[in-house]
Amino acid sequence: MQVQCHARSAGTAHACTSLVPNRSRRRARALRRTTVHHSKLFKNVSNAPIAAPDEVQISERDATYLRQAIQLSRTARERGNRPFGAVIVAPDGEVLVEAWNRNGETGDCTAHAETNAVRMASPQYPREVLAAATLYSSGEPCVMCAGAIFWSSIGRVVYGIDAVRLRVFRGERQEQRDAELFCRDVFGASPHPIECIGPALIDEAAEPHQGGWKV
């Protein structure tokens, strides 16, 4: 009797051990199917054409500072960098910092105009001052710069040419392409509000990019 019980226990154990790999294989197959489905989904999304957003009208005050950022983008290009500029402005109109892209000058791939501006401003001004400030950028902030803006607590962004139109200038060279997300994707995930206005003054903001990228 004890032997039969032992035999049944052994048989049960054998059955159980044989079921575990089967369950694992089924889970693996299901995971592969899900992964393939999602990869096709993301591929379809990334290949779908994205329409350029409409230009927005901005106040004369905003236009003044955005043009200042656009002028800095020309400075960046003249110095051998990609043509982007940024300005951070307090509510009273005080310009807190000015910056431009320094990729070419420094060899630093993260030396984008907006990130440079945040690096300059953060040690100088408390977060409550930056939270009330506006960052003006000649071009739509990339994902990295949007993250820097988030971490700085800057509460308002106004930008010139949008990422979709910029991709026409970037072309298909791997080193010039961006991560195809938008600054609003990052700002929308922020626990604090970040007002985002743009694109604006598109033609003016696009001008420094003419002939400024490798083809």
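## The end of helix H6

Helix H6 is followed by serine 153, whose phi is positive, near 75 degrees. The model described here is a predicted one.

Helix H6 covers residues 143-152. Seven of its 10 residues are buried, so H6 is largely enclosed by the rest of the structure. Those buried residues are Cys145, Ala146, Gly147, Ala148, Ile149, Phe150 and Ser152. Their cover includes helices H4 and H5, strand E3, strand E4 (156-161) and helix H8 (183-187).

## Overall make-up

The protein contains nine helices and five strands. Along the sequence, these elements follow the pattern α-α-β-β-α-α-α-β-α-β-α-α-β-α.

Of the 215 residues in the protein, 40% are buried. Among contacts between residues at least 6 apart in sequence, 63% join residues at least 24 apart.

## Helix H4 and its surroundings

Helix H4 runs over residues 113-121. H4 is mostly covered, with seven of its nine residues buried. The buried ones are Ala113, Glu114, Thr115, Asn116, Ala117, Val118 and Ala121.

What do the buried residues of H4 pack against? They pack against strand E1 (85-89), strand E2 (95-100), helix H5 (127-131), strand E3 (134-139) and helix H6.

## How H4 and H6 pack

Two packed helices are described by the angle between their axes and by the distance between those axes. For H4 and H6, the axes come within 8 Å and cross at roughly 25 degrees. Angles under 35 degrees count as roughly parallel, and H4 and H6 are therefore roughly parallel to each other. H4 passes H6 in a left-handed crossing.

On the H4 side, the contact is made by Glu114, Thr115 and Val118. On the H6 side, Met144, Cys145, Ala148, Ile149 and Ser152 take part. Sorted by class, the contact has five nonpolar residues, two polar residues and one charged residue. Among the contact residues of H4, Glu114, Thr115 and Val118 are also listed as buried.

## Leucine 66 in helix H2

Leucine 66 lies in helix H2, which spans residues 60-78. Is leucine 66 buried or exposed? Its relative accessible area is 0%. Buried means under 20% relative accessible area, so leucine 66 is buried.

Leaving aside residues up to four places away in sequence, leucine 66 touches Ile58, Tyr136, Ser137, Ser138, Val158, Tyr159, Gly160, Ala200 and Leu201. Leucine 66 and alanine 205 are 139 residues apart along the chain, and their C-alpha atoms are separated by 8.8 Å.

## Aromatic pairs

A pair of aromatic rings is described by the distance of the centres and the angle of the planes. How many aromatic pairs does the structure hold? There are two. One of them is formed by tyrosine 65 and tyrosine 136, with 5.5 Å centre to centre and 35 degrees between the planes. This pair is classed as tilted.

The pair links distant parts of the chain. Tyrosine 65 is in helix H2 and tyrosine 136 is in strand E3, 71 residues apart. Both tyrosine 65 and tyrosine 136 are buried. Tyr136 is also among the residues that leucine 66 touches.

Key: Residues numbered from 1 in each chain as written. Predicted model: local features only at pLDDT ≥ 70, side-chain atom pairs only at ≥ 80, totals over all residues. Heavy atoms only, no water. Axes fitted to C-alpha atoms, helices over the stretch in contact; angles between N-to-C directions. Helix = DSSP H or I, 4+ residues; strand = E, 2+ residues; numbered from the N terminus. Parallel < 35°, antiparallel > 145°, perpendicular 65-115°, else oblique. Left-handed = near helix turned anticlockwise from the far one by under 90°. Contact = heavy atoms within 4.5 Å. Nonpolar A, V, L, I, M, F, W, Y, C, P; charged D, E, K, R; others polar. Buried < 20%, exposed > 50% of the residue type's maximum accessible area, 1.4 Å probe, protein only. Phe/Tyr/Trp six-rings, centres within 6.5 Å; stacked < 30°, edge-to-face > 60°.
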